[in-house]
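Let us read a protein model together, one feature at a time. Have the sequence and the 3D view open.

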Amino acid sequence: MSEPLANPAALAGSAASSDALEPAANEVSSGATHDLPSGASESSPAGHAATVEELPAISVSFSERDLHFMKLAQAAAEEARAAGEVPVGAVLVRGDEVIAKGFNHPIGAHDPSAHAEMVALRAAAQAMENYRLPGCELYVTLEPCLMCAGAIMHARVARVVFGARDPKTGACGSVVDAFANPQLNHHTTVVGGALESECAAALKSFFADRRRAVREARDAARGEPGVAEPL
């Protein structure tokens with residue numbers, strides 16, 4: 001999930017400090033994970049400290065409708081990739097109508113809350129002229145973080161379907177399960193694993209490309225030829 005990455009030289013110069021390359025922050029859940037994703041870290045195949053494969057695959061059957069909307073979320077994630085951001089995308093639907101979409105862009109927006117889910121929720125609320133979104137469903141390519149989970153519950157979203165899990169900051173069961181607390185006054189149905197392998201592969205390829213760009217920039221600065229990374 002392809003488009004030119006940010007200036008490799010700039011990436012090389014900021015590799016040690018950039019949120020987008022720092023596997024310790026909230027790299028997969030939001031803009032940082034959504035800055036960095038599940039299974040993606042500088043030291044791991046995806047750019048995260050833990051890889052998606054470290055968690056067993058979710059075994060759930062999804063309808064053609066679910067897969068259709070998840071593919072639309074994947075298309076939104078490609079817009080994030082094109083902007084040089086971690087490729088996470090979301091669509092919010094009511095019935096069979098797409099109300100809004102969003103893609104991850106916290107870096108470009110200078111907004112730590114600009115995760116794909118948050119962008120889609122804001123756009124949907126504006127479109128429906130209501131801060132509550134009852135009866136709506138949210139499809140997102142990466143497991144929501146705590147911030148997004150809170151917004152989803154406040155918006156009264158009925159159902160969430162996500163693709164890849166986030167073993168670092170996932171709030172739908174991977175790290176914590178924000179939706180499982182029986183004391184909450186709204187209960188959103190959450191299902192994960194829709195097109196999971198495809199969603200995870202998009203994140204991994206993004207971080208592989210980023211690491212390659214950083215290495216090539218560093219090698220160029222030292223006057224050394226780049227070494228091709230094995231596939």
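Q: Which residues of α5 are buried?

A: Buried means under 20% relative accessible area, exposed means over 50%, and partly exposed lies in between (1.4 Å probe, protein chains only). In α5, the buried residues are C148, A149, A151, I152 and M153. The cover over these residues includes α4 (116–128), β3 and β4 (159–164). Contact here means heavy atoms within 4.5 Å.

Q: What should I know about the model and its numbering?

A: This is a predicted model: local features need pLDDT of at least 70, side-chain atom pairs count only at pLDDT 80 or more, and totals for chains, interfaces and linings use all residues. Residues are numbered from 1 along each chain as its sequence is written, and side-chain values use heavy atoms, with hydrogens and water left out.

Q: How many helices and strands does the protein chain have?

A: Helices (H or I, at least four residues) and strands (E, at least two) are DSSP runs, numbered from the N terminus. The protein chain has six helices and five strands. Their order from the N terminus is α-α-β-β-α-α-β-α-β-β-α. Of its 231 residues, 52% count as buried.

Q: In which sense do β1 and β2 pair?

A: Two strands pair if DSSP finds at least two bridges between them. Strand β1 (residues 89–94) and strand β2 (residues 97–103) pair in the antiparallel sense, over six bridges.

Q: Which residues other than glycine have a positive phi?

A: Most residues other than glycine have a negative phi. H110 sits in the loop between α3 (106–109) and α4, and is exposed at 73% relative accessibility. R156 also has a positive phi, of about 65°. R156 lies in the loop between α5 and β4, and is partly exposed at 22%.

Q: How many aromatic pairs does a search of the whole structure find?

A: A pair of aromatic rings is described by the distance of the centres and the angle of the planes. Rings of Phe, Tyr and Trp (its six-membered ring) pair if their centres lie within 6.5 Å; planes under 30 degrees apart count as stacked, over 60 as edge-to-face and the rest as tilted. The search finds two pairs. In one, F69 and Y139 have ring centres 5.4 Å apart and planes at 40°, so the pair is tilted. F69 is in helix α2 (residues 64–82) and Y139 in strand β3, so the pair ties together parts 70 residues apart in sequence. F69 is buried at 3% relative accessibility, and Y139 is buried at 0%. In the other pair, F206 and F207 have centres 5.0 Å apart and planes at 90°, so the pair is edge-to-face. F206 is buried at 0%, and F207 at 2%.

Q: Where is E143, and what does its side chain reach?

A: E143 is in the loop between β3 (136–142) and α5 (146–154). Lys and Arg count as positive and Asp and Glu as negative; His and the chain ends are not counted. A salt bridge needs a side-chain nitrogen of Lys or Arg within 4 Å of a carboxyl oxygen of Asp or Glu. E143 is buried but has no salt bridge, and the nearest side chain of opposite charge, R165, is 5.7 Å away. The E143 side chain reaches the backbone nitrogen of C172 at 2.8 Å.

Methods:
A polar contact is a pair of N or O atoms within 3.5 Å; within protein, one must be able to donate a hydrogen and the other to accept it, and residues adjacent in sequence count only if both atoms are side-chain atoms.
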